[in-house]
Amino acid sequence: MKALSQKRRHPLAAIALLLMGLLVTGGLYAVASTVNQAKATTSTNANDAEEGGKLFAANCATCHGMGASGSQAGPSLVGVGAAAVDFQVGTGRMPMQMNGPQAYKKPAQFNEEQTRQLAAYVASLGPGPSIPEAGLLDEKGDAAAGGELFRTNCAMCHNAAAAGGALTRGKFAPALAGVSGQHIYEAMVTGPQNMPVFSDANISPEGKRDIITFLKQIEANGSPGGADLGALGPVSEGLFIWIAGLGVIIAFTIWLTSRTS
Amino acid sequence: MGNHSDGSPNHSGTVATAGQNEVEKFQDPGIPPHRLRLADTDPKAAKRAERQVALLFGSSVVGTLIFLVAYFAIDLGDDTSIATIRLQNALLGIGTAFAMLGIGTGIVHWAKALMPDHEVSEERHAIRTEEDRLAAVRIVDDIVEETGIKRRPLIRNTLLGAVALAPLPALAVFGDLGPRPDNTLAHTMWAPQDGKLKRLTRDPDGTPIKASDVTIGSAFHVIPEGLNELHEGKLNEKAKAVVLLMRLNPESLNPSPGRENWGYNGIVAYSKICTHVGCPVALYEQQTHHLLCPCHQSTFDLTQECKVIFGPASRPLPQLPIAVDSEGYLVATSDFNEPVGPSYWERDEHERNRNA
């Protein structure tokens, strides 16, 4: 402890402290944002719907109303389909923690079975998009075609490298790395929150399979140029070079003009 | 000036204090006293500095070797993986950095630690007017005389010719910025051709869109029918004609008089080119019905005919009037009724001609 306090006036102490703080914050964030996903299967039966109805009444009806008919606090869920429930509950966005510009992704509150039961219940209320078949999620589509579709339909909000981006008034399009193919598919067919709907009449199921293939491929390949700095383009790269590049130049000029002992 | 390369302190520059009655007068403080470096007095330190310089030069040699090994030993064929290319790039960069930095830092360290560092002052003298001027003129005359440009007209004339012709490539280069677009900016591919209305088709594959395909909350990225079949100027036409097609609850739309028929059952189409500087405005929020331009955050409200509600854009996005043809496909009933995209010099004139 004494050795530590003696070193606190060392010229590098401030930098070391800053580095330590950054590492701790980054580490905590990485732990907190660890993906926790529940996979739902497509098999549903009447029993599931019945169990789901009980779960719904206990956990969702406060906002969405009894029978999912909607209330002041939340929209009606009649006709949103099983895909919407699997996406919203499976990614932890629902139940919502608090009101705000956007519901955040967080550890799922229901397990796989409960999610399936809730989805079965909501699907039983009215026809809507169902959970996609496994064949569409095999990531074996045409990545090049998927890339073209992605750049036309998705890249303006989600960023060309799928790193996400800002929208208006506190809303944002999330990064797509680490999102399961099933959730990506369900987001496209249901249009959660402010995302537009990309129905099968707009992008065919094969097109969606291609997009998922593309996303999984760029995720697996990583950044060919080394550190991608969040893949946010000129903002993060410019900031880095201004701070690090100019810092190195300043350090060199100080060294050049300093006297040797 | 004095020779202090032996490291002896400089005694000539003692600081004199000004006398009480001569406050105005400033005396030359001279050169500050010379301070000896460690390497000047201690042969061990000098030896150490020498080794450090050698080490820096040595790191440059190692850097060069890393570069050469990475360049020749890593073989890039057709089936090279991205990881290999990445490794080679990293090694080439690291090698070059060490090769250059090693030489540079080595020389600086050498100069700072070992080379003589005696202070030197150079006298400044007043400019001697006429004599100096004449001397300068003489120098110029000498140069002209020595080049022999007066005696060798062949050289002079060819030089003049070369200098006169040299700017011509610039004419060609800047000429490629033209020709002036004239009123091509005022029209897009959406204008009906031979009385046939253009269908709205999907970007990029060009398949037509049925009104029934466009469910509430959907956003379609649209190009005009026939764009993919164009042989030249396809990108220019696409840059003007791209459209975003959305469907919302018809009650949310508030069309102004004369524009009630421009949409179809809540389906509306707006130009995707921002009226600020022409970025594609395609960030559609389906709950707030806002369209956001990613470049400068101009925000357009779809429920108010894409009025600007935030940001630097000055005009609403132009709306494309649409209808449904006999087969149920969406068609554009006419071109945009104003030039799309950002302002340009003749824009107002083009818009007036359009509505005349």
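**Chain A, burial and layout**

I started with burial in chain A: of its 261 residues, 33% are buried. I'm keeping in mind that this is a predicted model.

Then I went through the secondary structure. Chain A has eleven helices and two strands. Reading from the N terminus, I get α-α-α-α-α-α-α-α-β-β-α-α-α.

**Chain A, H3 against H6**

How do the axes of helix H3 and helix H6 of chain A cross? I looked at residues 46-59 for H3(A) and residues 112-123 for H6(A), and the axes come within 7 Å and cross at roughly 95°. Angles of 65 to 115 degrees count as roughly perpendicular, so I'm noting H3(A) as roughly perpendicular to H6(A).

I listed who makes the contact. From H3(A) come A:Asp48, A:Ala49, A:Glu51, A:Gly52, A:Gly53, A:Leu55 and A:Phe56. H6(A) puts in A:Gln114, A:Arg116, A:Gln117, A:Leu118, A:Ala120 and A:Tyr121. Sorted by class, this contact has six nonpolar, four polar and three charged residues.

**Chain B, strand E4**

Over to chain B, where I checked strand E4, residues 267-271. Five of its five residues are buried, and I've put the strand down as mostly covered.

Which way do the residues point? B:Ile267, B:Ala269 and B:Ser271 go one way from E4(B), while B:Val268 and B:Tyr270 go the other, and all are buried. Side chains in a regular strand alternate between the two faces of the sheet.

Strand E3 of chain B (residues 243-247) is joined to E4(B) by five bridges, and the two run antiparallel. Here I found B:Met246 opposite B:Val268. Strand E9 of chain B (residues 319-320) also runs antiparallel to E4(B), with two bridges between them. In E9(B), B:Leu320 is the bridge partner of B:Ala269.

**Where B meets A**

Last stop, the interface. I get 29 residues of chain B in contact with 23 residues of chain A. On the chain B side, helix H3 (82-113), strand E2 (219-224), strand E5 (283-285) and strand E6 (290-292) each supply at least two residues.

Which element gives the most to that side? H3(B) does, with six residues. My class tally for the side of chain B that touches chain A is 14 nonpolar, nine polar and six charged residues.

Terms used:
Residues are numbered from 1 along each chain as its sequence is written. Chains are lettered from A and ligands numbered from 1 in the order in which they are written. This is a predicted model: local features need pLDDT of at least 70, side-chain atom pairs count only at pLDDT 80 or more; totals for chains, interfaces and linings use all residues. Axes are lines fitted to C-alpha atoms, for helices over the stretch in contact, and angles run from 0 to 180 degrees between N-to-C directions. Helices (H or I, at least four residues) and strands (E, at least two) are DSSP runs, numbered from the N terminus. Angles under 35 degrees count as roughly parallel, over 145 as roughly antiparallel, 65 to 115 as roughly perpendicular and the rest as oblique. Two residues are in contact if their C-beta atoms, placed from the backbone, lie within 7 Å. Ala, Val, Leu, Ile, Met, Phe, Trp, Tyr, Cys and Pro count as nonpolar, Asp, Glu, Lys and Arg as charged, and the others, Gly among them, as polar. A residue is buried if 20 or more other C-beta atoms lie within 10 Å of its own, exposed if 12 or fewer, and partly exposed in between; C-beta atoms are placed from the backbone. Two strands pair if DSSP finds at least two bridges between them.
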